[in-house]
Amino acid sequence: MRVALFIPCYVNQFYPQVAVASLELLEKLGCEVVYPLEQTCCGQPMANSGYQHLSKDCETLFQENFDQYEYIVCPSGSCTLHIKDHVELKGKIMELSEFLVDVLKVEKLNVSFPHKVGLHQSCHGQRGLKISSMSELMSPSFSKPEHLLNMVSGLSLIELEKKDECCGFGGTFCVSEEAISAKMGKDRVKDHLDHEAEFITGNDMSCLMHLEGILRRKGSSVKVKHIAEILNAS
Amino acid sequence: MMTHSQAADVFNKDEPRVDWHNATLWNVRKKRDKAAVQIPEWEKLRAIASQIKAHSLSNLSSYLENFEKKASENGVTVHWAKNGEEHNRIVLEIIQKAGLNKNSQGKIPMVKSKSMLTEECHLNSHLENNYVDVIDTDLGERIIQLRKEPPSHIVAPAIHLMKEEVGETFHEHLGVPNIETIPEKLVEIARHHLREKFLAAEVALTGVNFAVAETGEFVVCTNEGNADMGANLAKVHIASMGLEKIIPKRKHLGVFLRLLARSATGQPLTIYTSHFKKPRQGQQMHIVIVDNGRSRQLGRPDFRNSLKCIRCGACMNTCPVYRRSGGHSYHSTVGGPIGSILAPNLDMKKNADLPFASTLCGSCSNVCPVKIDIHDQLYKWRQELVKSGYTPKVKSLSMQMMRFTLSHPGVFNFAGKMGKGVLKNAPFLINNFLNPWYKQREMPEVPQDSFTEWYIKNRTKE
Amino acid sequence: MSSREEILGNVRASQPEIAELPELEYFNQNSENPVEKFLEMATLAGSQVYEINDVDSGIEQLKKVFPEAKKVISSTTGLSFGDSTEWLNSDPHTLADVDLFITSALLGVAENGAIWLTDKVLGQRIAPTVNEHLAVFLSKETIVVNMHEAYDKTAEMDYGYGLFLGGPSKTADIEQILVLGAHGARSMHILLLP
Ligand code: SF4
């Protein structure tokens with residue numbers, strides 16, 4: 001299957017290993033992956049700040065780059081959601097884990113990651129794309145990322161007190177509401193630490209970057225890892 | 001006036017208190033979950049409730065007329081107020097014309113049960129300036145009335161206070177000799193204090209939770225019984241209602257009441273769910289129907305759904321921002337997520353910061369019993385506010401820069417390479433001249449190559 | 001133009017195209033024993049529930065619980081406990097010192113343990129609220145599953161004031177700690193008749 005890879009701008013610049021892991025993982029699972037070199041950003045940071053009208057150029061560029069592909073896969077729920085809501089595409093954009101579960105129907109992964117891992121449910125993937133059930137809704141529970149992580153040998157998922165509370169990143173919120181953003185991040189980190197996580201994983205590097213920033217400031221040895229990196233472990 | 005983020009900054013100076021506030025409200029959210037999960041048809045009920053409200057709003061003018069007709073037939077006098085000022089004037093007139101007795105200070109004694117609408121209209125100060133002695137009787141409201149504070153939560157107005165502070169308030173204002181800290185004792189003190197007020201009141205004002213177009217009756221929900229104590233003793237009962245409170249039929253109450261208390265506090269029903277239809281013998285009953293910006297909100301297609309709100313407060317209890325910034329940080333009568341989509345309708349300039357006081361996580365929309373798309377409306381208000389010019393200039397400049405960079409791949413790749421060290425082009429940090437990111441967080445470590453560079457080296461043939 | 005005309009005009013101009021009114025369901029299929037559920041929920045809300053065989057044994061029960069009660073009134077005629085006539089026409093304020101008020105409910109709701117009262121059965125609207133303690137006779141056969149059924153069953157009732165009462169008066173306004181006996185009755189005793 002031929003898929004186009006969309007890498008969020010900040011992942012491209014700061015977390016290339018996440019993009020590499022996504023690419024290799026898709027290749028391992030038999031996809032032919034194309035990475036259009038002219039891509040930049042989905043435009044969400046501007047739109048969420050109230051400048052949706054300015055993000056038009058970004059969206060047009062996105063369309064030019066990606067419109068020819070049947071599947072566009074992106075290792076970020078947040079950027080996927082924005083594109084889904086704002087860019088008209090002939091094909092379909094999917095977040096990585098939902099693509100693995102729903103399209104590739106992955107049932108087995110030959111990887112091992114013998115660690116205690118906390119899963120951070122990023123809001124846009126969860127509540128926006130509905131890749132997992134939500135604690136507020138009285139409906140059957142499921143989680144696509146958990147389903148995948150459960151295939152990793154040696155990995156044990158920890159239980160959290162607040163299963164799906166926002167980490168407080170929130171795009172420009174992280175600086176415009178610094179006090180709340182940092183407090184939310186600290187509380188999220190605490191929940192993971194209280195339950196003895198060695199790694200915090202998730203589907204959005206932006207949230208993980210925020211949590212990482214807090215972990216490192218604390219001098220904690222706990223690390224963040226994007227889900228693609230774990231699923232692509234050896 | 002402080003903006004939300006400034007107020008939140010102050011609130012967060014006392015971290016243990018933030019943790020306490022957060023935990024108290026999260027407990028309410030947990031109670032809501034426990035109650036909701038026991039109703040197998042919960043999600044279906046939410047959908048039905050939302051549709052009933054959508055229908056009511058789409059036929060609101062007829063339902064209002066119908067309600068007025070039925071209520072009048074029932075012996076209730078119906079008044080109409082375009083705004084808060086007119087509402088206050090009408091209420092005062094009713095009181096003055098009723099020939100009521102004055103207390104020893106020459107004031108007409110009045111008791112009030114919880115009504116966010118009268119807060120919105122600033123009724124109390126108007127009445128107090130005109131020789132009416134207004135006593136809020138909901139315990140939480142009475143506490144903050146004594147402290148001269150606005151409510152911090154629509155269901156639990158004094159939720160920001162600790163029992164020690166309540167004890168101090170009672171000590172200072174009610175002549176309690178010591179500082180009491182046991183909730184049972186504090187409630188007992190309030191019971192005696194307010195009983196006197198109920199028995200002395202000539203007029204009682206209540207809010208309205210639901211008004212039934214079919215029958216002209218209105219429903220008031222309390223746990224304490226203060227609305228009933230007031231209204232069933234006083235000679236005059238005035239009910240203030242926002243015009244969006246109308247529902248078509250009596251049987252629809254079943255849907256909303258099954259949702260309201262469970263969403264609000266996790267109770268299956270409020271203790272007193274009272275239906276007022278006709279005045280009792282010798283009593284006057286008045287309803288004041290208030291617009292105050294509601295018909296304008298109804299005319300905004302993106303935001304009219306906010307009028308479906310039944311004021312359960314669930315969106316506040318679940319909101320991770322509200323729980324950590326407190327209700328007062330929203331500088332508006334109704335705080336939290338719902339307040340942030342209502343307030344800009346009333347005053348765009350003053351409330352321009354509120355729709356930005358959210359991460360758009362969406363939890364509010366999921367708990368809302370009438371399925372208001374709260375977080376989507378927050379997003380839409382941001383667009384609206386920026387278009388109307390209500391955001392800081394600095395932000396708009398940096399946004400222009402970002403647009404240029406992000407829509408020109410060449411510039412993007414170059415800028416990325418040059419600026420990485422200072423994260424200059426990480427879009428979420430564009431607003432970074434003092435870079436608040438760094439205050440409590442480290443920056444990510446900067447890699448040698450971007451992914452694009454890696455890809456060119458490892459996957460392209462050239 | 002009057003405010004009324006202006007408001008209604010603005011509303012008319014602003015309201016969207018008519019949206020459909022959904023059909024209601026009762027959601028009362030396969031519900032377990034409603035009487036049991038009622039007992040559970042009423043107790044949870046802080047009410048005391050007694051299953052009794054007849055009115056007289058109910059009164060015996062009340063006398064046991066309130067041996068000291070001085071002022072007892074009732075809106076149910078023919079009881080051997082309390083005044084059931086004189087208070088009916090007195091000023092509501094004079095009821096403030098009532099120790100126990102006894103009445104009969106028209107309906108009970110299983111899902112929340114609430115009872116339905118109207119001014120017709122209460123005699124005076126203030127009666128169930130202003131007293132210290134409240135006792136209510138309720139017959140098991142009037143217990144419905146949920147609020148949808150409750151509104152259906154009470155649709156034809158004529159009242160000026162109607163009340164679903166879910167238990168003793170309570171508040172959680174201080175640190176969300178639940179305390180019974182805020183303004184209204186401190187305790188509620190439900191006497192369940194077969
Ligand atoms: S918006 Fe919804 S959740 Fe929030 S108070 Fe209103 S009804 Fe409740």
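## Ligand shell

Ala, Val, Leu, Ile, Met, Phe, Trp, Tyr, Cys and Pro count here as nonpolar, Asp, Glu, Lys and Arg as charged, and the others, Gly among them, as polar. In this predicted model, the shell around the ligand has, by class, 11 nonpolar residues, 1 polar and 1 charged. Of the 13 residues around the ligand, those that come nearest are Cys309(B), Cys312(B), Gly313(B), Cys315(B) and Cys368(B), where a residue is near if one of its heavy atoms lies within 4 Å of the molecule.

## Interface between chains A and B

In this model 81 residues of chain B are in contact with 75 residues of chain A, contact meaning heavy atoms within 4.5 Å. The two chains bury about 7000 Å² between them, with 61% of it on carbon and sulfur atoms; buried area is the accessible area (1.4 Å probe) that two parts lose on being put together, summed over both.

The count between chain B and chain A is 11 salt bridges, each a side-chain nitrogen of Lys or Arg within 4 Å of a carboxyl oxygen of Asp or Glu. The side chains of Glu161(A) and Lys30(B) also meet in a salt bridge, at 3.9 Å from N to O.

## Basis of the values

Residues are numbered from 1 along each chain as its sequence is written, while chains are lettered from A and ligands numbered from 1 in the order in which they are written. Local features need pLDDT of at least 70 and side-chain atom pairs count only at pLDDT 80 or more, whereas totals for chains, interfaces and linings use all residues, and side-chain values use heavy atoms, with hydrogens and water left out.
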